[in-house]
Amino acid sequence: MRASSSGILAILALALVSACSQPKERPWQVDLDEDEKSWKELKVEAPAYPKPENLVRVNTGAATAHEFYVDTSSITVSEDGVVRYVVVARAAGGATNVSFEGMRCETRERKLYALGRNDHSWAQARDTKWERVVLRDLTPHHHTLYHEYFCAQRTRPTAPWQAIDALKRGVGLRPQVGSDG
C-alpha cells in the first residue's frame, strides 16, 4: 500500500505541475483595448456654414488674446460617441478661421475634419488624425470645450442641449471645487 500511495502522490504532483503550466483564461484578465478595437468612427458631412446669430463665445480665460466661438446649431453627438461642432477663431490681429471638429470624451482626443473657406464652403482637412486634448495654454478652446462643456463627465459626451445651454450662460458644466452641487 505504501508504494501505491507514493505513486498516487507522484501522479498528483505531476497533474498539479501540468495544470499550473497550462495557460488558462482568468476572469480578471481583460483586454483593455477591447473597446478601442471595436470602436468605429462614422463618416460625416460638414454642417452648414456658421451664421453669426448662432455663435456663442467660449471663455478661455487669459491664456490667449484670441476669441473663440462655437456655432451652437452645429453641436451634435453621433452614435459613435463623437461630439462634432464648428469653431470660429478670431485672432487678436483680425484674422478669422472656421473649422469643423470632433471630440472623443473617452479618449480625450480631438480631430479636425474641415476648414472654412471665404466663400462659405468647406475644404477637407489634410491631417485628419485624432490628437490628444492638451494643456490649456497650447489649445485653450479645446481644453475648455473638453473640460467645461462637451466632456464634463470625462467618459461620455454631454447632451447637446446641455452643452448649448451652458455655453449660452457662459458657465461650464464641470463641478466646481467646494460647491454644494
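User: What does the secondary structure of the protein chain come to?

Analyst: In this predicted model, the protein chain comes to four helices and seven strands. Read along the sequence, the pattern is α-α-β-β-β-β-β-β-β-α-α.

User: And what's the mean pLDDT of the chain?

Analyst: The mean pLDDT is 79, and 72% of the residues reach 70 or more. Over residues 9-33, however, the pLDDT is below 50, and beyond near neighbours in sequence this stretch has three contacts in the model. The pLDDT also stays under 50 over residues 176-181, for which the model has one contact beyond four places in sequence. Where pLDDT is low, the predicted coordinates should not be read in detail.

User: What share of the residues is buried, and what share of the contacts is between residues 24 or more positions apart?

Analyst: Buried residues make up 33% of the 181 residues in the protein chain. Among the contacts with a separation of 6 or more, 44% come from residues 24 or more positions apart.

User: OK, strands. How do strand 1 and strand 2 run, and how many bridges join them?

Analyst: Strand 1, residues 55-58, and strand 2, residues 67-77, run antiparallel and are joined by four bridges. Within that pairing, Val-58 stands opposite Phe-68 of strand 2.

User: How many bridges are there between strand 2 and strand 3?

Analyst: Strand 2 pairs with strand 3, residues 82-90, over seven bridges, in the antiparallel sense. One of the partners to look at is Val-86 in strand 3, which is the bridge partner of Asp-71.

User: Which residue takes a positive phi in the hairpin of those two strands?

Analyst: That is Gly-81, with a positive phi near 80 degrees, in a hairpin that has four residues between strand 2 and strand 3.

User: Which residues other than glycine have a positive phi?

Analyst: Among them are Arg-108, with a positive phi of about 55 degrees, and His-120, where phi is near 70 degrees. Arg-108 is found in the loop between strand 4 and strand 5, while His-120 is found in the loop between strand 5 and strand 6.

User: Switching topic, how many disulfides does the structure hold?

Analyst: The structure holds one disulfide, and the cysteines it joins are Cys-105 and Cys-151, with an S to S distance of 2.0 Å. The pair links distant parts of the chain, 46 residues apart: Cys-105 sits in the loop between strand 4 (96-104) and strand 5 (109-116), and Cys-151 in the loop between helix 3 and helix 4 (160-169).

User: Why is the disulfide left-handed?

Analyst: The torsion about the S-S bond of Cys-105 and Cys-151 is about -75 degrees, so the disulfide is left-handed.

User: And are those cysteines buried or exposed?

Analyst: Both Cys-105 and Cys-151 are buried.

User: What about Ala-152, where is its place?

Analyst: Ala-152 has its place in the loop between helix 3 and helix 4. With a relative accessible area of 15%, Ala-152 is buried, and the C-alpha atoms of Ala-152 and Gly-172, which are 20 residues apart along the chain, are separated by 8.2 Å.

User: Last one, how much space lies in the largest pocket, and which residues are closest to its centre?

Analyst: About 290 Å³ of space lies in the largest pocket. The lining has 14 residues, and the closest to the centre are Val-44, Glu-45, Phe-100, Tyr-113 and Gln-124. Strand 5 and strand 6 (122-124) are the elements that give two or more residues to the lining of this pocket.

Note on methods:
Residues are numbered from 1 along each chain as its sequence is written. This is a predicted model: local features need pLDDT of at least 70, side-chain atom pairs count only at pLDDT 80 or more; totals for chains, interfaces and linings use all residues. Side-chain values use heavy atoms; hydrogens and water are left out. pLDDT is the predictor's confidence in each residue, from 0 to 100. Contact means heavy atoms within 4.5 Å. Two strands pair if DSSP finds at least two bridges between them. A disulfide is a pair of cysteine sulfur atoms within 2.5 Å. Buried means under 20% relative accessible area, exposed over 50%, partly exposed in between (1.4 Å probe, protein chains only). On a 1 Å grid over the protein atoms alone, a cavity is a set of points where a 1.4 Å probe fits but cannot get out, and a pocket is an open set with protein on both sides within 12 Å along at least five of seven lines; lining residues have an atom within 4 Å of a point. Grid points are joined across faces, edges and corners, and a volume is the space filled by probe spheres set on the points.
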